[in-house]
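Student: I would like to go through this model with you, one question at a time. Please show it first.

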Amino acid sequence: MTDYPHMLKPLDLGFTTLKNRVLMGSMHTNLEERGDWNRVAEFYATRARGGVGLMVTGGIAPNREGGVFDGAGGLYTEEDMAHHKMVTDRVHEVGGKIAMQILHAGRYAYSPACVAPSPIKSPISPFPPKELDEDGIEKQIADIAECARRAREAGYDGVEVMGSEGYFLNQFLVTHTNKRTDRWGGAYENRMRLPIEVVKRVRAAVGEDFIVIYRLSMIDLIPNGSTHEEVVQLAQEIEKAGANILNTGIGWHEARVPTIATSVPRAGFAWVTKKLMGKVGIPIITSNRINTPEVAEDILSDGAADMVSLARPFLADPDFVSKAEAGRSDLIAPCIACNQACLDHTFGGKISSCLVNPKAAFETELVVTKAAAQKSVAVVGAGPAGVAAALTARDRGHAVTLFDRADQVGGQLNMAKQVPGKEEFWGLVDWFEAMLKEKQVDVKLGTEATAQMLDGFDEVIIATGVRPRDPQIPGQDHPKVLGYVDVLRHKAEVGKSVAVIGAGGIGFDMAEFLVTGESPTENLPEWMKEWGVTDPEEARGGLAPAGPQPDAPERQVVVLQRKPEKPGKRLGKTTGWIHRAALKMKQVQMKAGVNYERIDDAGLHISYGEARERPEVIACDNVILCSGQVSERALADALEALGKTVHVIGGADLAAELDAKRAIDQGTRVAATL
Ligand code: NAP
Ligand code: SF4
């Protein structure tokens, strides 16, 4: 008897059966564009081996004008065909199923060749699109249908027609982007003509025994988006046009509501999919912020969907399904929805990977094999770098002892998890513990490792992390001054008005911690109110007419930095805007280009610029130092002074811009060579 009977139940589509209700959703890894198709094939085959029911590829362009950027991966040449065949062959060899997503970006394309229903530039591309005429529209339909036919010829089990997230087909549906007055615009019947026509022509091109998924935007989260009534009408027409499955799309890319970030509640949009259940006869997939088998099972047993889509969790752990089948969900590496190594990389033109699993999309590069001879390895520091090194060293077959002076593993993550909206870090620390136990690492907590204790180990890895930087501000020993460690680790009391020194990741986290009461991430109605999300039956696009209604801030907070640039500019590419918007909603003040003059009973004295102009006192109960950190290298230095060779990783190696992504990556790579 399994713990996940609904999730692991096969789905019979008539001509084919999916072995369970888990779909790996589409993700763009940037691998296709590098031309290393062996690596693309291995990426998918690794996930197929892990038992997922069906995978959808990253978006594949049906023609040049539809590519998300010039040169984006497509399927419209014979050369493309051979590449895709490598992928499908490899997936089928290991018993998997894979559908290709056909993605036409329309006005979202980062290319001067982009086309759209109307010539309205999108806020996320600098290129104004060309308005399509009747022949142009016919060409797009024909290209999409031909792309689907080629996908079948290339061996795919199906296609997903991308109709959501504000891409080309979605752009025809709403007046926000479709101002046409011909048969493709105006009344809703006209605006939905294109998606319906596309699905009909795709079905005609691929025959009956082929999976056609349509990804339908169920809540647009933009002004003048679709109503729920329109969504239902479209879903029913798409079913009639020949789709076998409907997948859920949530929000356009230009929406100002977070939809997949870590601060979005788990399964936070399953209610949207549920509204469509019973209104069509084909299976419906739900998606967004589903990252554990327990969450998936709850959704399916509640009847909110027939199947679940998880994308990033398959970067974190390709064996998500097989571990759930084995009753070991505690061993599933959790996706913490940080976007740091996946979407931030995708949009930065880098290969997507995963903070938790640096092997993701590096399956052919970062291969951990058994070492020829077993060694004894000591790892000092049980933060992300140390744990990653310890686990990898065990995979190499070494005997590993992991020391930490704290009484818990996780290092700085134990502070991050206190921040509202970062609850997922709890799961990551739990996973570290479960894996260390499973892999039989000898963990010695509450133990300060000394040079003497490390004598006798074949290899010593130092992952002692960081300590807070001393900003040397006159008066910083005033009782109102606290460090971030005092607040997040030692739970120091904080007054009602606070100045935060430093506007890096920790300064922003601290501000969020100080202004938030109960975390909206743990309370879906509250989160919806905070971001102005409502039922699309109540308001077009699911945007509440009154806009965001956040609770009043718990404290008055000012965040400061010396650099004259916009505070928060260096936060994650896909999440920085969310942190900035969240703090703005809570009336947090930002001050850049400041000098810290002194701290005294009156508060924090600052001035601006090199000439130290405009002196100002920020009256506050507390000043909290979040001024970065420096490497904790004392042990490494002591060992090196004794002539020992050590491997220094993580923050102990380089404190600047340290984050868990770099720490885990370095820990894994260093241990993989021992
Ligand atoms: P950080 O990002 O390097 O920021 C340090 C802040 O302190 C900056 O605002 C800096 O601004 C200020 N500062 C530096 N030297 C100072 C000095 N001598 N006196 C006063 N202020 C000084 O470091 P962090 O905030 O400690 O974060 C550490 C790392 O954790 C980051 O690199 C980040 O990647 C990671 N992190 C990420 C997130 C996330 O959401 N992704 C969240 C938390 C932490 P000025 O020099 O302009 O004053
Ligand atoms: Fe999830 Fe972060 Fe990994 Fe992306 S990088 S898959 S969001 S854990």
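Tutor: The centres of domain 1 and domain 2, taken over C-alpha atoms, lie 39 Å apart, with bounds from an automatic or database domain assignment. The contact (heavy atoms within 4.5 Å) takes 16 residues from domain 1 and eleven residues from domain 2. This is a predicted model, in which local features need pLDDT of at least 70 and side-chain atom pairs pLDDT 80 or more, while totals for chains, interfaces and linings use all residues. Residues are numbered from 1 along each chain as its sequence is written, and side-chain values use heavy atoms, with hydrogens and water left out.

Student: What area do domain 1 and domain 2 bury between them?

Tutor: Buried area is the accessible area (1.4 Å probe) that two parts lose on being put together, summed over both. Carbon and sulfur atoms hold 59% of it here. The total is about 1100 Å².

Student: How many salt bridges are counted between domain 1 and domain 2?

Tutor: The rule asks for a side-chain nitrogen of Lys or Arg within 4 Å of a carboxyl oxygen of Asp or Glu. The side chains of Arg266 and Glu424 form a salt bridge at 2.8 Å, N to O. Between domain 1 and domain 2 the count is three.

Note on methods: Chains lettered and ligands numbered in written order.
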